[in-house]
Amino acid sequence: MKFFIDTANLSDIAEAQALGVLDGVTTNPSLMAKEGVTGSDAILAHYKKICELVEGDVSAEVISTDYEGMIKEGEALAALHPQIVVKLPMIANGVKACKYFSDKGIRTNVTLVFSVGQALLAAKAGATYVSPFLGRLDDISTDGLHLVKEIRHVYDNYNFETQILSASVRNTMHVINCAKIGSDVMTGPLSSITGLLKHPLTDSGLAKFLEDYKKGNG
Ligand code: G3P
């Protein structure tokens with residue numbers, strides 16, 4: 001399973017990259033605003049900085065909701081850097097734009113997906129990635145991981161090439177369960193990745209190894 005980090009924070013991205021396990025980055029307008037990145041020039045420059053920090057795909061989201069606007073914005077984003085994947089919302093114009101970009105060989109990520117039907121549409125439109133938001137479903141007492149399972153089942157039935165990018169991942173158990181289900185990618189905050197490191201038996205075992213080494217070696 002590929003690990004993407006879901007942030008526009010450059011130091012979190014650099015920390016995940018330094019760990020050597022990062023495969024890409026996802027962002028959205030809320031995450032950009034959280035970092036205080038505003039205005040189209042600053043936003044484009046920030047995407048470029050992210051692309052220079054990592055080797056994998058970087059999802060950059062359009063903010064237009066009309067078809068022409070999505071095409072114009074998406075083309076500008078795709079031209080910015082070869083690692084950019086155009087992120088489009090799951091609305092009718094987003095599906096149309098997804099088909100347009102996939103026919104042109106421009107990679108896409110269809111976002112804000114909350115049902116199998118939406119995931120089916122994204123795959124039929126040729127999306128590179130589909131982003132079911134599992135944490136936000138959990139927030140409203142609906143099983144987000146069940147949606148990921150159902151999409152996996154449907155995509156496998158037809159050998160769809162669209163990759164399932166489980167998004168709105170909030171914690172390490174989400175990551176582990178996504179891996180069990182066979183999600184192609186997960187995207188979450190830095191803590192969902194670094195949290196996987198932690199085990200008290202690792203810490204106590206290492207402390208004992210070092211203590212015993214010191215005893216024998218002074
Ligand atoms: O990138 C979109 C998605 O991952 C949002 O996550 O935690 O705001 O629901 P969250």
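**Exercise 1. Ser64 and its partners**

Task: In this predicted model, find which backbone oxygen the side chain of Ser64 reaches, and which side chain it meets in a polar contact.

Solution: 
1. Start with the backbone. The side chain of Ser64 reaches the backbone oxygen of Gly69 at 3.5 Å.
2. Turn to the side chains. Ser64 makes a polar contact with the side chain of Glu73, at 2.4 Å.
3. List the touching residues. Leaving out residues up to four places away in sequence, Ser64 touches Gly69, Met70 and Glu73.
4. Place Ser64 in the fold. Ser64 sits in the loop between strand 3 (57-61) and helix 4 (67-80).
5. The relative accessibility of Ser64 is 17%. The cut-off for buried is under 20%, so Ser64 counts as buried.

**Exercise 2. The buried face of helix 9**

Task: Name the buried residues of helix 9. Then work out why they line one face of the helix.

Solution: 
1. Take helix 9, residues 172-181. Its buried residues are His174, Val175, Cys178 and Ile181.
2. Look down the helix axis. The buried residues fall within an arc of 130°, so they line one face of helix 9.
3. Recall the general rule. An α-helix has 3.6 residues a turn, so residues three or four places apart point the same way.
4. Find the cover. Strand 1 (2-6), strand 7 (163-166) and strand 8 (185-188) are among the elements over these buried residues. The cover also includes helix 7 (134-139), helix 8 (144-158) and helix 10 (190-194).
5. Inspect the ends. At the N-terminal end, Asn171 caps helix 9. A side-chain oxygen of Asn171 lies 3.1 Å from the backbone nitrogen of Met173. Gly182 follows helix 9, and its phi is positive, near 100°.

**Exercise 3. Salt bridges around Arg152**

Task: Arg152 forms a salt bridge with Asp156. Which parts does its pairing with Asp184 tie together?

Solution: 
1. Take the pair inside the helix. The closest N and O atoms of Arg152 and Asp156 are 3.2 Å apart. Both residues lie in helix 8, 4 residues apart, about one turn of the helix.
2. Take the second pair. Asp184 forms a salt bridge with Arg152, with the closest N and O atoms 3.1 Å apart.
3. Locate both ends. Asp184 lies in the loop between helix 9 and strand 8, and Arg152 in helix 8, so the pair ties together parts that are 32 residues apart in sequence.
4. Arg152 is buried, at 13% relative accessible area. Asp156 is partly exposed at 45%. Asp184 is partly exposed at 25%.

**Exercise 4. A nonpolar surface patch**

Task: Which residues make the nonpolar surface patch of about 260 Å²?

Solution: 
1. Name the members. Leu19, Val21 and Leu197 make the patch.
2. Leu197 lies in the loop between helix 10 and helix 11 (200-217).
3. Check its exposure. Leu197 has a relative accessible area of 57%. Exposed means over 50%, so Leu197 is exposed.

Methods: Residues are numbered from 1 along each chain as its sequence is written. This is a predicted model: local features need pLDDT of at least 70, side-chain atom pairs count only at pLDDT 80 or more; totals for chains, interfaces and linings use all residues. Side-chain values use heavy atoms; hydrogens and water are left out. Buried means under 20% relative accessible area, exposed over 50%, partly exposed in between (1.4 Å probe, protein chains only). Helices (H or I, at least four residues) and strands (E, at least two) are DSSP runs, numbered from the N terminus. The arc is that of the directions from the helix axis to the C-beta atoms. Contact means heavy atoms within 4.5 Å. A polar contact is a pair of N or O atoms within 3.5 Å; within protein, one must be able to donate a hydrogen and the other to accept it, and residues adjacent in sequence count only if both atoms are side-chain atoms. A salt bridge is a side-chain nitrogen of Lys or Arg within 4 Å of a carboxyl oxygen of Asp or Glu. Patches are made of residues with over 30% relative accessible area and no salt bridge: like charges are joined within 9 Å, nonpolar side chains (Val, Leu, Ile, Met, Phe, Trp, Tyr) within 5 Å. Accessible areas come from the Shrake-Rupley method with a 1.4 Å probe; for residues, only the protein chains shown count as cover.
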